[in-house]
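Let's take a walk through a protein model together. Have the picture open beside you and follow along as we go.

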Amino acid sequence: MEPKIGITKKELDESISYLTTILANQMVLYTKTRQFHWNVSGNSFMELHKLFEAQYTALEQEIDATAERISKLGGRAIGTMKEFIEQSVLKENSTDLQQKDMLKELLIDHETVLKQLRKFIKSLDETDDFGTADFVIGLLQKHEDKSWMLRKYIN
């Protein structure tokens, strides 16, 4: 049953499309962060191991909230790796990276997500879907925090 919550069908579809891309990006970023958590080594092993764990744990909660937001709007959350890869603007990592390269790659991914979220927010501001706009702004702030932490390790 389609929700009748004061948002047009077109706007609901647009919000669901944005949220689907966000979900796909989150899953790719989650998987990459988890992979780096498993494979980090070197002098700062324990510190980065814990940093990556904190970041993928936060992403887990954000992923669930995004999928639920899609459902609240009457959509169906994608759920296969194939769908995540197809819908994401981020790319998987299949190379063996050193600590600094892991940090740089995660930072670039978060910054890519931030740029996309800003575009989505501008578009959402032109709709009546204030809930999704607010939700995406919250995600933006969380990615800014993660980016800031990663950037501090690189400097």
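At what angle do α4 and α5 pack, and how far apart are their axes? The angle is about 155 degrees, and the axes are 9 Å apart. Before going further, keep in mind that you are looking at a predicted model. Now, what does that angle tell you? Anything over 145 degrees counts as roughly antiparallel, so α4 and α5 are roughly antiparallel to each other. There is a handedness here too: α4 passes α5 in a left-handed crossing.

Two packed helices are described by the angle between their axes and the distance between the axes. For α1 and α2, the axes come within 9 Å and cross at roughly 160 degrees. That makes α1 roughly antiparallel to α2. Their crossing is left-handed.

Then there's the pair α2 and α5, which pack at about 170 degrees with axes 12 Å apart. These helices, α2 and α5, are therefore roughly antiparallel to each other. If you want to find where they meet, look at residues of α2 including Leu48, Phe52, Leu59, Glu62 and Thr66, which face a set in α5 that includes Phe135, Leu139, His143, Lys146 and Leu150.

Zoom in on Ile22 for a moment. Leaving out residues up to four places away in sequence, Ile22 touches Thr66, Leu117, Phe120, Val136 and Leu139.

Is Leu139 buried or exposed? Its relative accessible area is 3%, so Leu139 is buried. With residues up to four places away in sequence set aside again, Leu139 touches Ile22, Gln26, Glu62, Thr66 and Leu117. Take Glu62 from that list: Leu139 and Glu62 are 77 residues apart in sequence, but their C-alpha atoms are 7.5 Å apart in space.

For a contrast, hop over to Arg118 in helix α4. Arg118 has 40% relative accessibility, so this residue counts as partly exposed. Its contacts, not counting residues up to four places away in sequence, are Leu140 and Glu144. Compare its spacing with Asp128: those two are ten residues apart along the chain, and their C-alpha atoms are separated by 17 Å.

One last stop, this time in a loop. Gln98 lies between α3 (81–87) and α4. Gln98 counts as exposed because its relative accessibility is 54%, and the cut-off for that label is over 50%. Along the chain, Gln98 and Asn39 are 59 residues apart, while 9.2 Å separates their C-alpha atoms.

Finally, zoom back out. An unreviewed UniProt entry places the feature "domain: Ferritin/DPS" at residues 17–155. That span is 78% helix and 0% strand, and its end C-alpha atoms lie 36 Å apart.

Notes. Residues numbered from 1 in each chain as written. Predicted model: local features only at pLDDT ≥ 70, side-chain atom pairs only at ≥ 80, totals over all residues. Heavy atoms only, no water. UniProt positions renumbered as here; feature names shortened; annotations may be inferred. Helix = DSSP H or I, 4+ residues; strand = E, 2+ residues; numbered from the N terminus. Contact = heavy atoms within 4.5 Å. Axes fitted to C-alpha atoms, helices over the stretch in contact; angles between N-to-C directions. Parallel < 35°, antiparallel > 145°, perpendicular 65-115°, else oblique. Left-handed = near helix turned anticlockwise from the far one by under 90°. Buried < 20%, exposed > 50% of the residue type's maximum accessible area, 1.4 Å probe, protein only.
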